[in-house]
Amino acid sequence: MKNEYLIGVDLGTSVVKSSICSSDGVIAGSASREVGLSQPRQGIAEQDPDEFVSLTMETIRDALASSSVRPEEVHGIAFDGQMAGALAIDENWDALTPWYPSALDTRYQPYLDSMIESVGDPLFGMNGALPFTAPRMAWWRDQSPEIYRRIKKVLIISNYVAGKLAGLRADEAFIDPSYLTWIGVSDTASRRWSRELAKEVGVDIDLLPRIVSASSVVGTLTAESAALCGLRSGTPIVAGTGDQVAACIGAGVVHSGQLSDAAGTFPVLSTCVDSYFADTRNSMLIPLAGPLEDQWFPIMYISGGGLTHRWFTEQLGESGTAGQYESFDASASEIAPGSEGLLCVPHLIGRGCPADPDVRGAWIGFTFQHSRAHFYRAILESIAYDFAEALDVIREYRPASDFVEVRVTGGGARSDLWNQIKADVLGVPYRCLSHEDTSAIGCAVLAGHAVGVFDDIRAAADRLAPTAGLVEPRAAYRE
C-alpha cells in the first residue's frame, strides 16, 4: 500500500516544530526552531505572532528537505499549539497585538478577579476552568482602546498561523472546541459560545471566531505560502487542536481510563473520559473537548514546571556544560526516595491547578545534610506529588476507572529517573513511546481524517502510537 503523507505543526511556547508523518505513523522528516519569548519582568510575557508564521514555513521547508517526500505526496497540514492566551487581528488577518502566552503574562489578572467577583460559580462551571482570553479582552478594552476599536477577531496562535498560510480574512476565523475552556464565554459541555455568559462578563462575543471540528478543512495553502514552504499550492489546511489534545491522540490515549503525562514546558497529567464534567469541588481538573463528541480530556497542568526544571540546571549546573540533565539525574539517583525530607514547591510563576498565583517556588525542610542533588531530586518529586493529587481527583469523579498505565511524552520522558519517581508516587506503570512526536502524530491523524486518509480517528490513533519500555512502580517506595 502506498504511503500518504501529512504534516503536523506544533506551535509551542519555546519551539516551533514541523513533522512529516506517513499514513503508517513513521516520521519521514522533521525540523524545529526556537521561538522568541520576551519577559522583561515578572508578569509580562509576549511573543511575535508573525515569527510563528515565518518559523512554520521554514520548518516545513526544512522538514521536506530532510525527507524523500515530494510536495505532491503531502495531503494535508494540521496545527496544534499553546492552548491558553490571546492575540487580536484586523479585517485583513494582520496582528494588532502580540501573542500573550497563557499564565506567563498576568496583566489580565485584575480583570479575571473582577469577573470572578461579578459572575461567580458559572464562570468556572460553564467554561470548565478560569479563563485567560475574556479577561485579556477586557484589559485591551480599558488599557488600549484605540487598538480595541480595530479588533475584528480574537484568536489562538495556531489558528492565526493556519489562517495566514491559507490567506483567510477575519470573517473566516475559526477555533476548534478544545480551546473553549480557556476563553471564558463558552458553554463548553455543548461546545458553543454562550451569549448570556459573555454579557455577564462584559465581552463582545462577536469578536470570537466560529467553532469548527478539529478535523475540518479551513482553507488551502496560498501560492505565496506554498512557495515559501516548498509545498504545492492548494494543499488542504486543517483546523487542528490544542497541543495537549494532539499529544493525547498521538500517544494513543483516546479511550476512557487511559492516562497521559506530557513532560514538557507545562507538565500535564491527563486522562480520557466519555462525558464532560467541571471540577467545581477542587478547581484542579480542566476538561478539554476532544475531536469526537464523546471524547473529553480532563487535565491538570503545572505552570512552567519544565521551565523550573531548566532554571535549576542553568543556575546551579556547571556553566557551558552539555548534558546537564543527565548529570543531575545521575547524582539524584544516588539520593533515597523522599529526598531525605526535603520538599519542593515547583510553581515559580504561581500555581495553575487550582489557580493560585500567590503559591510560589520554595524548598522546605532543608538542612546542612542536603546537597545540590537533593534539591534537584526534590523538584522531580514535586511534579509527581502534584500529579498524584490530580489522580486522586480523577478517581473522585471516575471511581470505577482502572488505570493500567501512564503514557509519557515530551523531553522529560527521556529521564529514566523521573519516570521511575512518578511511577512510584502514582502507583501506576509508566509507558514510554517509541517516538517523541506525539503532537505531530495527533495532527496527522486529524489531517488524515479531514482529507479521507483515515476513516476512524480512534483506530488511527491506536495504530500510529507504538509503545516501548515499561517502568513498573515499586511498592516499597509508594508511601
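1. Helix α4, which covers residues 133–143, is mostly covered, with eight of its 11 residues buried. The model under review is a predicted one, and the remarks below should be read accordingly.

2. The buried positions of α4 are Thr133, Ala134, Pro135, Arg136, Met137, Ala138, Trp139 and Trp140.

3. Turning to the whole chain, the secondary structure comprises 15 helices and 22 strands. The radius of gyration is 22 Å, close to the 23 Å that the globule rule gives for 479 residues, so the chain is as compact as a globular protein of that length. The C-alpha trace spans about 65 × 60 × 50 Å along its principal axes.

4. Burial and contact order may be considered together. Of the 479 residues, 59% count as buried. Where contacts join residues at least 6 apart in sequence, 70% of them link residues at least 24 apart.

5. Concerning the surface, the chain exposes about 18400 Å², and carbon and sulfur atoms supply 48% of this area.

6. On charge, the chain carries 37 positive and 61 negative side chains. The centres of these two sets lie 3 Å apart.

Definitions and conventions
Residues are numbered from 1 along each chain as its sequence is written. This is a predicted model: local features need pLDDT of at least 70, side-chain atom pairs count only at pLDDT 80 or more; totals for chains, interfaces and linings use all residues. Side-chain values use heavy atoms; hydrogens and water are left out. Helices (H or I, at least four residues) and strands (E, at least two) are DSSP runs, numbered from the N terminus. The radius of gyration is taken over C-alpha atoms; the globule rule is 2.2 Å times the number of residues to the power 0.38. Buried means under 20% relative accessible area, exposed over 50%, partly exposed in between (1.4 Å probe, protein chains only). Contact means heavy atoms within 4.5 Å. Accessible areas come from the Shrake-Rupley method with a 1.4 Å probe; for residues, only the protein chains shown count as cover. Lys and Arg count as positive and Asp and Glu as negative; His and the chain ends are not counted. The place of a charge is taken as NZ of Lys, CZ of Arg, CG of Asp or CD of Glu.
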